[in-house]
Amino acid sequence: MTMTSKNNKKKLTRQEKSELLDMVAAKFKKGSNNSLLEYIERQREAIRRSISPTL
Amino acid sequence: MSHFTDTYEIRSKISERDVHFFFFSEGKKNIIKVVLYYYVLDLQEYPLYNLALSDYDISTNSYHIDKTTDNGDAYKVFHTVLATIPCFFSIWQNAMLMVQGSDSTQEFQDNCRLTCKKRCPLAECRNAHRRINIYRNYVNKNFDSLTKEYIFYGGIIDIDNQLLKVEYNKENNYRIVLLKKRKFDDHDI
């Protein structure tokens, strides 16, 4: 299957989209997206610091 | 929030306590979007989650959080994100969800001033807060029907830079909106 990137406007079939989403989800499970996880952790800490005890 | 017909097909993924939804934005480009619901901490009797939206570039395996992509399908993307909210609450029924825009941060405004041609006063960036305004406008416009299922709160940052939760008032321009699923025995707040 030809993968799409955000610069590629190839029309994907429903099956191709389904397979691609499966692959993205699988990668997410394996923790291969470290930059995203690091971002989430930074945001999580920032919100925790800002939370009032009375919230 | 589940009544939209113009939404993209979504795929969910539960990763420990976090929940993620994936979909294809099909506008000028094909873009994989990820709606992130990530756990922050336990607040009294409920877990607090934050909502974020990211692009995923499969060619570089990189994520671009809260990026403005101008893909020509903003409403369909917005409706798809809204449609994930009932799905999220079906998984974490007791959660409190926090919604805020990445363009509401001081960092966004500082960066905006570096390249922006608008001559905004120092205390006001006209490009800021657009995202939360879209969510808030939706809540305000549909408040009566939404409050049958959800309880909304405004989030206010006090002088000590601490987040306070207040009763939602449609007249206030909150930069943070919090919501939780209404339970059978919940009253107004």
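Me: What helices and strands does chain B have?
Reply: Chain B of this predicted model has four helices and nine strands. A helix counts here from at least four residues, a strand from at least two. Along the sequence the pattern reads β-β-β-β-β-α-β-α-α-α-β-β-β.

Me: What makes a residue of chain B count as buried, and what percentage of the 189 do?
Reply: The cut-off is 20 or more other C-beta atoms within 10 Å of the residue's own. In chain B, 33% of the 189 residues count as buried. In chain A, buried residues make up 16% of the 55. Chain A has two helices and zero strands.

Me: How do you know that the span of helix α1 of chain B agrees with its number of residues?
Reply: α1(B) covers residues 74-91, which is 18 residues. At 1.5 Å a residue it should span 26 Å. The end C-alpha atoms are 26 Å apart, so the span agrees.

Me: Which residues of α1(B) are buried, and what do they pack against?
Reply: The buried ones are B:V77, B:T80, B:V81, B:A83, B:T84, B:I85, B:F88 and B:F89. The buried residues of α1(B) pack against β2, β3, β4, β6 (96-100) and β9 (176-181) of chain B. An α-helix has 3.6 residues a turn, so residues three or four places apart point the same way.

Me: What makes β1(B) and β2(B) a pair?
Reply: Pairing needs at least two bridges. Five bridges join β1(B) to β2(B), so they pair. The two strands run antiparallel. B:R11 has B:F22 in β2(B) as its bridge partner. The hairpin has two residues between the strands, and B:E16 takes a positive phi near 55 degrees.

Me: How do you know that β4(B) and β5(B) pair?
Reply: Apply the cut-off of at least two bridges again. Four bridges join β4(B) to β5(B), so this is a pair too. These strands run antiparallel. B:D55 stands opposite B:H64 in β5(B). Their hairpin has four residues between the strands, and B:N61 in the turn has a positive phi of about 55 degrees.

Me: What makes a set of residues a nonpolar core, and which members of the largest one touch the most others?
Reply: The members are buried nonpolar residues joined through C-beta atoms within 7 Å. The largest core has 50 residues. B:Y49, B:L97, B:V177 and B:L178 touch the most other members. β3(B) gives the most to this core, with eight residues. Leaving out residues up to four places away in sequence, B:V177 touches B:V99, B:I132, B:Y135, B:R136, B:V139, B:F152, B:G154 and B:G155.

Me: How do you know that chain B is in contact with chain A, and how many residues are in contact?
Reply: Two residues are in contact if their C-beta atoms lie within 7 Å. By that test, 32 residues of chain B are in contact with 29 residues of chain A. β3(B) gives the most to the side of chain B that touches chain A, with eight residues. By class, that side has 15 nonpolar, ten polar and seven charged residues.

Notes. Residues are numbered from 1 along each chain as its sequence is written. Chains are lettered from A and ligands numbered from 1 in the order in which they are written. This is a predicted model: local features need pLDDT of at least 70, side-chain atom pairs count only at pLDDT 80 or more; totals for chains, interfaces and linings use all residues. Ala, Val, Leu, Ile, Met, Phe, Trp, Tyr, Cys and Pro count as nonpolar, Asp, Glu, Lys and Arg as charged, and the others, Gly among them, as polar. A residue is buried if 20 or more other C-beta atoms lie within 10 Å of its own, exposed if 12 or fewer, and partly exposed in between; C-beta atoms are placed from the backbone. The expected span of a helix is 1.5 Å times one less than its number of residues.
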